[in-house]
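Please look over the structure below before reading the points. They are written for someone who has not seen it before.

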Amino acid sequence: MLRQSVRLALAISLLPLATVAAQGTVTGTITDSVNHRPLVGAMIQIVADSAKHVKTVSSDSLGEYRFESLPSGSYLLGFFHPTLDSLGLDIVPKRILVRGVGEQRVDLAIPSAWTLERQLCRGTPMLDSTGLLLGHLRDADTQQPRIGTVTVEWFELEIAQGGIRRNRQQIPARTDSLGWFALCGLPTDAEVVASARADDEESGGVTVKLPAGGLLMRDFHVSRVDSTVPVYADSGASRQAIATLKRGHARVRGSVHNDKGKPVANADVSMPGTGISARTGRSGEFSLAGLPAGTQTVEVRVIGFEPKRQTVELQRDSLTTLDVVLDRPVQTLDAVRVYGKGNVAMAEFERRLKAGWGHFLTPNDIAKRNATQATDLFRMIPGVRVVPTRRAFGNTVLMRGNCRPTVYLNGMRMDDNAASELDELANPEEITGVEVYTPAGRPPEFWGNNCGSVVVWVGMLPR
């Protein structure tokens, strides 16, 4: 899957020879076929076989270039652009003949995404729903290339006996000596989480979504974590750490505003995996310190907007400024009172509520909590703790005994990892009821492991 270098020949046909004269002109356009736009600022060089004539020009804002006053003869024509380095390409120069006064047109191009996938992903099935992620792995402070591994993870839902199972998919890629990597076979219809590691250096996890064209360039920077903080479920005798928070000496300062430029106050700004967060003031400004360096993610959550995750590149002992725009408002509906007999789910929920065997959150309770994540609803429930997961994003719901409960979503039992994936499984604004049971107090329809059971209702109970 990973190639040390990829050489792609640009197909240029030799133009018909004209009447011999003293000098000629070569013009053309360079196109970035990956992004379907002119390649601006490319360095184009033409060299005579005798090496007596060497000329260099740059492509303009339209991707066009022009060489004039070229003596007749054979030449090599090539170009360079930082995009080629990101793609891991080494374009072979093309041989052309200049004969006589007149203008020859030679158009150049970076190969298309389809061509790149076909060359880089040999042995991997190429589907309309899969794509390619490539880039470089570098040290966050020195910018030097690093030999390491870039890994992409995502989940796929599978309906099987016993409920819905979320299968974790993972594809790693090893970088070459220049830090270059290519990851093939990634889904283009879902967000994936990518991270990088090189020896004892690492990055944070960042969300990536491949475009419809199937190719995305993304560099990663890694750095050593200066210190770690273990997180324990409780103060029991076992003291088993369930997560490790990463700390460093990088800082982020910035502001949060909406798409009209108005500051957004009281937004929760955090960096997943660090346990560090802050709230924006009336001016929308925030400041985070003690962060690990490298490629990281800043996450912003506030009522009324979809959560926003923004990738940042941090350096040790340096301040990075960040401007976050919340451009996807979420419509909030007024409470609706429903009259009538109600549905079966509501009737059963009320029956269990009156029995008093567990802890319940009714639609009114949920509305009062103003949760920004599904797991926020569990923070005040007796016997339940919410702690960061070992993964890049989200939290884990734990019950007494350092254990993860069995999770039911709309009455269907989920897989054993669901207690660590509630923030991905359910949107808090769509949750209408929650039930929490100990092993001894749960009803038979919510049987499970020896930890207990958590039942989440999404859109099933009237608000």
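1. Basis of the note. This is a predicted model, in which local features need pLDDT of at least 70 and side-chain atom pairs count only at pLDDT 80 or more, while totals for chains, interfaces and linings use all residues. Residues are numbered from 1 along each chain as its sequence is written, and side-chain values use heavy atoms, with hydrogens and water left out.

2. Confidence. pLDDT is the predictor's confidence in each residue, from 0 to 100. For the protein chain its mean is 84, and 86% of the residues reach 70 or more. Residues 1-21 stay under 50, yet the model has 61 contacts (heavy atoms within 4.5 Å) for them beyond four places in sequence. Residues 335-342 also stay under 50, with 3 such contacts. Where pLDDT is low, the predicted coordinates should not be read in detail.

3. Helix α3. Helices (H or I, at least four residues) and strands (E, at least two) are DSSP runs, numbered from the N terminus. Helix α3 has 12 residues, 344-355, and reaches 17 Å from its first C-alpha to its last, close to the 16 Å expected at 1.5 Å a residue; the expected span is 1.5 Å times one less than the number of residues. Just after α3, G356 takes a positive phi of about 75°.

4. A345, M346, F349 and R352 are buried (under 20% relative accessible area; exposed is over 50%, partly exposed in between, with a 1.4 Å probe and protein chains only). These residues lie on the same side of α3 because they cover an arc of only 130° around the axis, taken from the directions from the helix axis to the C-beta atoms. The buried residues pack against β28 (359-361), β33 (431-437) and β34 (453-458). Exposed residues V344 and K354 are on the face turned away from the buried side.

5. H136. A polar atom of its side chain lies 3.3 Å from the backbone oxygen of D85. Beyond four places in sequence, the contacts of H136 include S86, L178, W180, R218 and F220.

6. T311. This residue lies in strand β26 (residues 308-314) and is partly exposed, at 30% relative accessible area. Its contacts beyond four places in sequence are V206, R218, T295 and Q296. T311 and V208 are 103 residues apart in sequence and 9.7 Å apart in space, C-alpha to C-alpha.

Note on methods:
A polar contact is a pair of N or O atoms within 3.5 Å; within protein, one must be able to donate a hydrogen and the other to accept it, and residues adjacent in sequence count only if both atoms are side-chain atoms.
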